Amino acid sequence: MALPPTNTDSFSDSVQKLWDLMNPCTLCPRNCKVDRTNGQTGFCGIADMPVVSSVGPHFGEESVLVGRGGSGTIFFAGCNLGCIFCQNSDISHQRHGSKVTIEEIAEAMLGLQKFGCCNINFVTPTHVVPTIAAAIETARKKGLALPTVYNTGGYDSVETLKLLDGFIDIYMPDMKYSDSGVADELSSAPDYPQINQTAVREMHRQVGDLTTKNSVATHGLLVRHLVLPENLAGSIEIIDFLSEQISPKTTINVMDQYRPCFQASSHTKINRRPSRDEFQSAQQYALQKGLNVLL
Ligand code: SF4
């Protein structure tokens, strides 16, 4: 068994088990099976030490996450998806940032709490969850009381998510596609729809529907769905899935901010923004189904 590199108290069984999943790495559905504890890297491009590109209060997230003090974001470099329209390719694909230890992430969380942020928001966390869980454990022992947000592209394995039970208060997964061919073409992940739906089911099992206090999220599931041109995201199917198989009261942010970034401008299907009609029909459908649509 590999041990988390730290001089602090020992960690829980869940953290140890997460750490073990890095050798051979089966932390996410890519199942690269490399030894990340010994410096090897797989699809996500990150070994055992996470690379953080930025830390700070963020006021551009959903208003339920921002409150007065902002969402305390920690952006992780690298990604287990290969989206050709990535809006953060310098972070996700070029992996700009600095390597950080468990203790440094824990201190960053405590700093965000001191600043007045209303949550700790882990952006693109899937491939670095062993360190995140260890850092949460460390920070909670030192007084961290804020809700934690798991802000993921939604390509997460259930086995890993089960080990995160109790560490995460708010799950915020993307639901990007309902069609396997589109998921393969745009993100190199043909099994994304099935993996994503199974992951969202597990997330909801752990935390339930989104709850708020004074209009700020405290616990639960918040789904993000980015509308793509030509209905490539499969919005109707995703909304039906949430309404019929997760909860009719699921909170969803139907997003209109798609624009062709990274390699998308050379791809004829996605080299434009979605039209107003394309966005509104998806959002209206979610409202008709009775979901809790963030407006
Ligand atoms: S976390 Fe990274 S190395 Fe591990 S299976 Fe996923 S993509 Fe591969």
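A disulfide is taken here as a pair of cysteine sulfur atoms within 2.5 Å. This is a predicted model, in which local features need pLDDT of at least 70 and side-chain atom pairs count only at pLDDT 80 or more, while totals for chains, interfaces and linings use all residues. Residues are numbered from 1 along each chain as its sequence is written, and side-chain values use heavy atoms, with hydrogens and water left out.

Q: How many disulfides does a search of the whole structure find?
A: A disulfide is a covalent bond between the sulfur atoms of two cysteines. Cys79 is in no disulfide, as the nearest cysteine sulfur, that of Cys83, is 6.2 Å away. For the whole structure, the number of disulfides found is zero.

Q: Is Cys79 buried or exposed?
A: Buried means under 20% relative accessible area, exposed over 50%, and partly exposed in between, with a 1.4 Å probe and protein chains only. The relative accessibility of Cys79 is 15%, so Cys79 is buried.

Q: What is the volume of the largest cavity?
A: On a 1 Å grid over the protein atoms alone, a cavity is a set of points where a 1.4 Å probe fits but cannot get out; a pocket is an open set with protein on both sides within 12 Å along at least five of seven lines, and lining residues have an atom within 4 Å of a point. Grid points are joined across faces, edges and corners, and a volume is the space filled by probe spheres set on the points. For the largest cavity, the volume is about 100 Å³.

Q: Which residues lie nearest the centre of the largest cavity?
A: The ligand takes up the space of this cavity, where a molecule sits in a cavity or pocket if more than half of its atoms lie within 2 Å of its grid points. The lining divides into seven nonpolar, four polar and two charged residues; Ala, Val, Leu, Ile, Met, Phe, Trp, Tyr, Cys and Pro count as nonpolar, Asp, Glu, Lys and Arg as charged, and the others, Gly among them, as polar. Of the 13 lining residues, those nearest the centre are Cys25, Cys28, Cys32, Arg36 and Cys44.

Q: What is the division by class of the shell around the ligand?
A: A residue is near a molecule or strand if one of its heavy atoms lies within 4 Å of it. The residues around the ligand include Cys25, Leu27, Asn31, Phe43, Asn80 and His127. By class, the shell has six nonpolar, four polar and two charged residues.

Q: Which strand supplies the largest share of the lining of the largest pocket?
A: Helices (H or I, at least four residues) and strands (E, at least two) are DSSP runs, numbered from the N terminus. The largest pocket holds about 830 Å³ of space, and among its 31 lining residues Gln87, Asn88, Asp174, Lys176 and Arg224 lie nearest the centre. At least two lining residues come from each of strand 5 (148-152), strand 8 (216-226) and strand 9 (251-255). The largest share, three residues, comes from strand 8.

Q: What is omega of the cis peptide bond that joins Asn23 and Pro24?
A: Most residues other than glycine have a negative phi, and most peptide bonds are trans. Pro24 is placed in the loop between helix 1 (13-20) and strand 1 (51-58). For the cis bond between Asn23 and Pro24, omega is about -10°.

Q: What is phi of Asn31?
A: Asn31 belongs to the loop between helix 1 and strand 1. Asn31 is partly exposed, because its relative accessible area is 38%. Phi is positive in this residue other than glycine, with a value near 50°.

Q: What is phi of Ser215?
A: Ser215 is part of the loop between strand 7 (211-213) and strand 8. With a relative accessible area of 58%, Ser215 is exposed. Phi of Ser215 is likewise positive, near 70°.

Q: What distance separates the C-alpha atoms of Asp156 and Leu27?
A: Asp156 sits in the loop between strand 5 and helix 6 (158-163), and its relative accessibility is 2%, so Asp156 counts as buried. Asp156 and Leu27 are 129 residues apart along the chain, and their C-alpha atoms are separated by 8.1 Å.
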